[in-house]
Amino acid sequence: MTDALSPQPTPSAGATAPATAPTPVAAAPVDARIIAVTSGKGGVGKTFVSANLAAALTRRGLRVLVLDADLGLANLDVVLNLHPKTTLHDVFTGKAQLEDAVIKAPGGFSVVLAGSGMVEYSRLTPEVRNEFFNVIQTLAPQYDVVLLDTGAGISDVVLFSVSLAQEVLIVATPEPTSLTDAYAAIKVLATQQKRQHVRMVVNQAARAGDGRAITGQLQQVLDRFVTTDSGRPVRLIHMGDIPADSSVREAVMRRQLLMLQMPGCPAALAVAQLANKLESTLLKPAGNP
Ligand SMILES: Nc1ncnc2c1ncn2[C@@H]1O[C@H](COP(=O)(O)OP(=O)(O)OP(=O)(O)O)[C@@H](O)[C@H]1O
Ligand SMILES: [Mg+2]
């Protein structure tokens, strides 16, 4: 196994969330593949990728959980057309048990939804930090892969949720604004969280091959301006491209999963390929130690 594919160190069971921000990546609490799906700029497709990737990984036989880590502005429920009785907010505030917040999504995977419009999650308090950490620590061992659908940007809440993941999948579009913000986010992840590598998927690509070229350009800028503690530049690993496809918007408007409704459309095929690549490079087969 290469450096890039090695798991981040995991503390022992019973560990508590680190007390100060920025949080080092070693916060990843358990032995499971926890992947943060994040971005610099908002609206680039994180929730679309998380939900459909989860469906594709489930189809490959993996036990998958998606956690809506976009606390305060959650909308995974909208995309999946779910109306949860219990959200993370209820768990954080002690009104419900965690197991009641885990529900089945249409693609056969599990989700924990967050609830929207709660200003208390715009700031990272010690309570949120500990609750969030405990939720992941409790749930992750039950799954082969946990996807954290995070908010965009580099706020302390977003960075904390990303710090709970062993791997980061940055979603970016080819637009210069998205790439500039992706650069900023990667820089913070490399310097504050000591990430040696970050994975990247280019969404809404206009042409095949665009994403690899864009990732290469971004890598060149990172090589020049960002060095990790090890003295090496942070490495961007291109995981795939998803084409701009009108079916994506149609599925969102109908509140249906693209992978279920239009599995043969170009964007769905690209997500299936991404699932294949993630599984083969990153995830252990279900049941294997
Ligand atoms: N490959 C694609 N082709 C066409 N449209 C797309 C594609 N990916 C995403 N979109 C459009 O972009 C919209 C926003 O996507 P999504 O909600 O997943 O972004 P996000 O990064 O999660 O946003 P936020 O930062 O607000 O959480 C979708 O509703 C869809 O209309
Ligand atoms: Mg989202």
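Helix H5 (residues 126–139) has 14 residues, which at 1.5 Å a residue should span 20 Å; its end C-alpha atoms are 20 Å apart, so the two values agree. The model is predicted. The protein's secondary structure amounts to 11 helices and 8 strands. Of its 289 residues, 49% count as buried. Among contacts between residues at least 6 apart in sequence, 76% join residues at least 24 apart.

- The buried residues of H5 are Val-128, Arg-129, Phe-132, Phe-133, Val-135, Ile-136, Gln-137 and Leu-139.
- Their cover includes three strands, E1, E2 (64–69) and E5. It also includes helices H3 (88–92), H4 (98–101) and H6 (156–163).
- Helix H11 has 16 residues. From first C-alpha to last it reaches 22 Å, close to the 22 Å expected at 1.5 Å a residue.
- Buried positions in H11 include a run of alanines: Ala-267, Ala-268, Ala-270, Ala-272 and Ala-275. Val-271, Leu-274, Leu-278 and Glu-279 are buried as well.
- These buried residues of H11 pack against helices H1, H9 and H10 (258–261). They also pack against strands E7 and E8 (235–243).

- E1 runs parallel to strand E5 (residues 145–152), joined by 6 bridges. Ile-35 has Leu-147 as its bridge partner in E5.
- E1 also pairs with strand E6 (residues 167–172), again in the parallel sense, over 4 bridges. Here the bridge partner of Ile-35 is Glu-167.

**Strand E7**

- E6 and E7 run parallel and are joined by 4 bridges. Ala-172 has Val-202 as its bridge partner in E7.
- E7 is largely enclosed by the rest of the structure, because 9 of its 9 residues are buried.

**Nonpolar core**

- The largest nonpolar core holds 90 residues. Val-64, Val-66, Val-146, Leu-147, Leu-148, Ile-170 and Val-271 touch the most other members.
- Leu-147 touches Ile-35, Val-37, Ser-50, Leu-53, Ala-54, Val-64 and Val-66, leaving aside residues up to four places away in sequence.

**Surroundings of ligand 1**

- The shell around ligand 1 has 19 residues. The closest are Gly-42, Gly-45, Lys-46, Thr-47 and Phe-48.
- Helix H1 (46–59), strand E7 (197–205) and helix H9 (246–253) each give two or more residues to this shell.
- By type, the shell divides into 8 nonpolar, 7 polar and 4 charged residues.

**After H11**

- Leu-282 is found in the segment that follows H11 (266–281).
- Leu-282 counts as partly exposed because it has 19 C-beta neighbours inside 10 Å, and a buried residue needs 20 or more.
- Leu-282 and Glu-167 are 115 residues apart in sequence. Their C-alpha atoms are 9.0 Å apart in space.

Note on methods
Residues are numbered from 1 along each chain as its sequence is written. Chains are lettered from A and ligands numbered from 1 in the order in which they are written. This is a predicted model: local features need pLDDT of at least 70, side-chain atom pairs count only at pLDDT 80 or more; totals for chains, interfaces and linings use all residues. A residue is near a molecule or strand if its C-beta atom, placed from the backbone, lies within 6 Å of it. Ala, Val, Leu, Ile, Met, Phe, Trp, Tyr, Cys and Pro count as nonpolar, Asp, Glu, Lys and Arg as charged, and the others, Gly among them, as polar. Two strands pair if DSSP finds at least two bridges between them. A residue is buried if 20 or more other C-beta atoms lie within 10 Å of its own, exposed if 12 or fewer, and partly exposed in between; C-beta atoms are placed from the backbone. The expected span of a helix is 1.5 Å times one less than its number of residues. Two residues are in contact if their C-beta atoms, placed from the backbone, lie within 7 Å. A nonpolar core is a set of buried Ala, Val, Leu, Ile, Met, Phe, Trp, Tyr and Cys residues joined through C-beta atoms within 7 Å.
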